[in-house]
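Colleague: I have a model open and would like to learn how to read its features one by one. Could you take me through it?

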Amino acid sequence: MTIQKIKMSYDLTQQHNEALYDTQPVKIEDLQELGQAMLDAFTNTIDYKGESLEDLIDELGSVIDGEFGPFINEASFAIKEEDMVIGTIMINMYKGEPLVSEIFTRKAYTGRGIAA
């Protein structure tokens with residue numbers, strides 16, 4: 001399998017759109033719920049390596065703590081429906097460039113443009 005990196009740019013200005021879902025900045029207090037959504041998204045996929053919920057919570061915490069570069073809170077969101085995390089994007093700076101460190105959508109919500 002070939003891994004390809006795609007260069008991206010970012011604009012931290014406020015954007016307005018007709019939101020179908022509630023978007024909230026990622027918070028350290030949401031780690032349990034974020035971990036549950038990530039486990040749902042990755043279980044039984046090619047990206048799943050048998051991680052436990054605790055493993056994923058630790059991974060998400062390290063992203064927020066800046067282990068992969070400074071965490072860009074203004075560009076990192078939890079997408080919610082009825083107070084449940086259904087998708088997430090987390091962005092860090094890595095070697096002076098933005099990096100999508102995490103992006104996932106719960107299985108029941110795939111194909112709805114959430115990660116788009």
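Modeller: Let's start with Arg106, which is buried (under 20% relative accessible area with a 1.4 Å probe, protein chains only; over 50% is exposed, and partly exposed is in between). Arg106 has no salt bridge, a term for a side-chain nitrogen of Lys or Arg within 4 Å of a carboxyl oxygen of Asp or Glu. Please keep in mind that this is a predicted model, where local features need pLDDT of at least 70, side-chain atom pairs count only at pLDDT 80 or more, and totals for chains, interfaces and linings use all residues. Residues are numbered from 1 along each chain as its sequence is written, and side-chain values use heavy atoms, with hydrogens and water left out.

Colleague: Which side chain of opposite charge is nearest to Arg106, and how far away is it?

Modeller: Lys and Arg count as positive, Asp and Glu as negative, while His and the chain ends are not counted. Here the nearest is Asp40, 4.5 Å away.

Colleague: What does Arg106 touch?

Modeller: A contact means heavy atoms within 4.5 Å. Leaving out residues up to four places away in sequence, Arg106 touches Glu33, Gln36, Ala37, Asp40, Ala41, Met84, Val85 and Ile86. Arg106 itself lies in the segment after β4.

Colleague: What span should helix α1 have?

Modeller: The expected span is 1.5 Å times one less than the number of residues. With 12 residues (31-42), α1 should span 16 Å, and its end C-alpha atoms are 16 Å apart, which agrees.

Colleague: Which residues of α1 are buried, and what covers them?

Modeller: An α-helix has 3.6 residues a turn, so residues three or four places apart point the same way. In α1 the buried residues are Leu31, Glu33, Leu34, Gly35, Ala37, Met38, Ala41 and Phe42. Their cover includes α2 (53-64), β2 (77-81), β3 (84-94) and β4 (97-105). After α1 comes Asn44, with a positive phi near 65 degrees.

Colleague: And the chain as a whole: what percentage of its residues is buried?

Modeller: Buried residues make up 37% of the 116 in the chain. Of the contacts between residues at least 6 apart in sequence, 56% join residues at least 24 apart.

How values were computed. Helix = DSSP H or I, 4+ residues; strand = E, 2+ residues; numbered from the N terminus.
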